[in-house]
Amino acid sequence: MFDRVRVGDRVTSVDVLDEYTGHTDPGGAAIRRDLGPLTITKVSVGPMDNNAFLLVCTATHEALLIDAANEPERLADLVGSGRDRPELKHLVTTHRHWDHWQALGAVAGMFQPRLISHPLDAPELPIPMDVVVDHGDTVSFGEIELDVVHLRGHTPGSIALVYRGADGTHVFTGDSLFPGGPGKTDSAGDFTSLLDDLESRVFGPLPDEAWVYPGHGDDTTIGKERPSLPEWRARGW
């Protein structure tokens, strides 16, 4: 599908593919999957192949963006314009590392969404948050609810978001979990903390078929990564 949108006085084209593979390329097409009540659109932005995710409640057309990482005009193109575009009312930053918020101020200025992060990382973000959330909280938009999971280690306030729908479970992990292991940590203590949280708060409660959307690169599933947990703990990274 090829979407043509207008941003200000500029007409641009955003290539959005409806065949969802879990893989996007920097500067390439976005990919969208339709879960019925929710659509998820993934796009790679910036020089570090950061993933940004646009979630839209199909019943209300209300939207939430996860990680305004870079290329604010491209993210605006993704949301679109005109009467049929979703209303971007929420923007979640998964953690405080600079590569995940380069477009935060610009996107906030364009759409005026409610800005959300964990309180431990919020002071390091470039603009104030409207809402801070902790482990066990819920972020709601339209008829969609996302459960907040605090994962301590990559940063003190890293969070994941979990959607539980009729067709399965979907978890947005930021930089706390990737295909092949946990995100980078700066000390042995941080690594142990992150792996402990992943085991008890992600791998413990979530089923093997749960789909994992990381902050960089390709998607994975809980079942694909679960057998590697002992190896990750033994290697220490």
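These questions and answers cover a sheet, a helix pair and a glycine in a predicted model.

Trainee: Which strands stand at the edges of the open sheet of 6 strands?

Mentor: The strand order is 10-11-12-13-16-17, with mixed pairing. Each edge strand has a single partner strand, so one side of each is left without a neighbour in the sheet. The edges are strand 10 (138-141) and strand 17 (220-221).

Trainee: Which residue in strand 12 does His-150 stand opposite?

Mentor: Strand 11 covers residues 144-150, and strand 12 covers residues 159-165. The two pair in the antiparallel sense over 4 bridges. Opposite His-150 stands Ile-159.

Trainee: How are helix 1 and helix 2 set to each other: roughly parallel, roughly perpendicular or oblique?

Mentor: Helix 1 (residues 72-79) packs on helix 2 (residues 104-111) with the axes 9 Å apart. Their angle is about 40 degrees. Roughly parallel needs under 35 degrees, and roughly perpendicular needs 65 to 115. The two helices are therefore oblique.

Trainee: What classes of residue make up the contact of helix 1 with helix 2?

Mentor: Helix 1 brings Pro-72, Leu-75, Ala-76 and Val-79. Helix 2 meets them with Ala-106, Val-107, Met-110 and Phe-111. By class, the contact has no polar and no charged residues, and 8 nonpolar.

Trainee: Is Gly-180 buried, partly exposed or exposed?

Mentor: Gly-180 lies in the loop between strand 14 (177-178) and strand 15 (181-182). Beyond its neighbours within four places in sequence, Gly-180 is in contact with Glu-225, Trp-232 and Arg-235. Buried means under 20% relative accessible area, and exposed means over 50%. At 39%, Gly-180 is partly exposed.

Conventions:
Residues are numbered from 1 along each chain as its sequence is written. This is a predicted model: local features need pLDDT of at least 70, side-chain atom pairs count only at pLDDT 80 or more; totals for chains, interfaces and linings use all residues. Side-chain values use heavy atoms; hydrogens and water are left out. Two strands pair if DSSP finds at least two bridges between them. Axes are lines fitted to C-alpha atoms, for helices over the stretch in contact, and angles run from 0 to 180 degrees between N-to-C directions. Angles under 35 degrees count as roughly parallel, over 145 as roughly antiparallel, 65 to 115 as roughly perpendicular and the rest as oblique. Contact means heavy atoms within 4.5 Å. Ala, Val, Leu, Ile, Met, Phe, Trp, Tyr, Cys and Pro count as nonpolar, Asp, Glu, Lys and Arg as charged, and the others, Gly among them, as polar. Buried means under 20% relative accessible area, exposed over 50%, partly exposed in between (1.4 Å probe, protein chains only).
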